[in-house]
Amino acid sequence: MSAAVAAPDVRSDARRGPTFPRVVASEWTKLVSLRASWWTGGVTVVVAGVITYLSAQASSVDLGFDPVDSLGTGLALAQVGALVLGVLAGAGEFRTGAARTTFTAVPRRWPVVAAQALVTAAFAAVVAVLSVAASVVGILPPAARRGIEVDLWAGETPGVMLGMGLFVVGLTLLGLAIGVLLRRTVPAMVTTLVVALVLPVLLTMVGPPPLPADPAVLEPVAQVTVGGTLMVLSPGGAAQLMTFPASSGPMEGGPDIGPVGGGLVLAAWVLVLLVAAALRLRLRDVR
């Protein structure tokens, strides 16, 4: 009698698949066992530091040189590494065919997507901390040559560094979501780079240029345009806001949502794309 009662429970557990902690552990093992993850993360950190140093070095000849102003410049190129890391984490399993094994072991799709997002965010957080540290190291030599003492805890600098770290994590998750949604490395890579890098540039060209308020006034009046609004609400444009000080004001032609607003917009994009990816996994077979 007891054996007959226990059998349905065992079958039910098998249908549900492994527990979520085990799924997380499995996804973490897969991510850190790939050399591409470590190489991409390492290159991201190095590029962030080198580009920041070169930018600060070039700006150090200016009379009003402030080393902290160059702190986030390295991420302009290093963000490519974050995007690539996310795409590889999301689409790599489908390219190799390992996704079939994963979803056979875990028939429910949602735990896998949630676990992938969690472990990718954790790995990206490590890359983000090291990238911010490399950027800080990059501004120190030019500052020392000018005899300027760098205070990382003054003014808005702590917020900028936090935004830089979240910038790396957010773009990595964006790449992950697009990778899982499209399931193909090359299309996902191209789509991610276009959405994050090319689209914000194109949107700045939409709409009329700002007009001066008075013929005697040379400086144009800031005005919100359709292109500027769409740029701020796009994933790439919102991500850029996260690395700006709050006092720098809005992007040209865009509403003033600030770094926090930019972070919320990017987080919303990531969440929507992850939900779409999970729905596709649930509704369509993995092939």
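## Aromatic cluster

Trp-28, Trp-38 and Phe-123 form one aromatic cluster in this predicted model, and a search of the whole structure finds two aromatic pairs. In the pair made by Trp-38 and Phe-123, the ring centres are 5.2 Å apart and the planes stand at 75°, so the arrangement is edge-to-face. Because Trp-38 belongs to helix H3 (residues 35–59) and Phe-123 to helix H6 (residues 109–145), this pair ties together parts that are 85 residues apart in sequence. Phe-123 has a relative accessibility of 4% and therefore counts as buried, the cut-off being under 20%.

## Packing of H6 against H7

Helix H6 also meets helix H7 (residues 157–182), the two axes coming within 8 Å and crossing at roughly 145°, and the crossing in which H6 passes H7 is right-handed. On the H6 side the contact is made by residues including Gln-116, Ala-117, Thr-120, Ala-124, Ala-128 and Val-136, while H7 contributes, among them, Met-161, Gly-165, Val-168, Thr-172, Leu-176 and Val-180. Sorted by class, the residues in this contact comprise 15 nonpolar and five polar ones, with no charged residues.

## The buried side of H9

In helix H9 (residues 226–233), the residues Gly-227, Gly-228, Met-231 and Val-232 are buried. These residues cover an arc of only 130° around the axis, and therefore lie on the same side of H9. An α-helix has 3.6 residues a turn, so residues three or four places apart point the same way.

Definitions and conventions: Residues are numbered from 1 along each chain as its sequence is written. This is a predicted model: local features need pLDDT of at least 70, side-chain atom pairs count only at pLDDT 80 or more; totals for chains, interfaces and linings use all residues. Side-chain values use heavy atoms; hydrogens and water are left out. Rings of Phe, Tyr and Trp (its six-membered ring) pair if their centres lie within 6.5 Å; planes under 30 degrees apart count as stacked, over 60 as edge-to-face and the rest as tilted. Helices (H or I, at least four residues) and strands (E, at least two) are DSSP runs, numbered from the N terminus. Buried means under 20% relative accessible area, exposed over 50%, partly exposed in between (1.4 Å probe, protein chains only). Axes are lines fitted to C-alpha atoms, for helices over the stretch in contact, and angles run from 0 to 180 degrees between N-to-C directions. A crossing is left-handed if the near helix is turned anticlockwise from the far one by less than a right angle, and right-handed if clockwise. Contact means heavy atoms within 4.5 Å. Ala, Val, Leu, Ile, Met, Phe, Trp, Tyr, Cys and Pro count as nonpolar, Asp, Glu, Lys and Arg as charged, and the others, Gly among them, as polar. The arc is that of the directions from the helix axis to the C-beta atoms.
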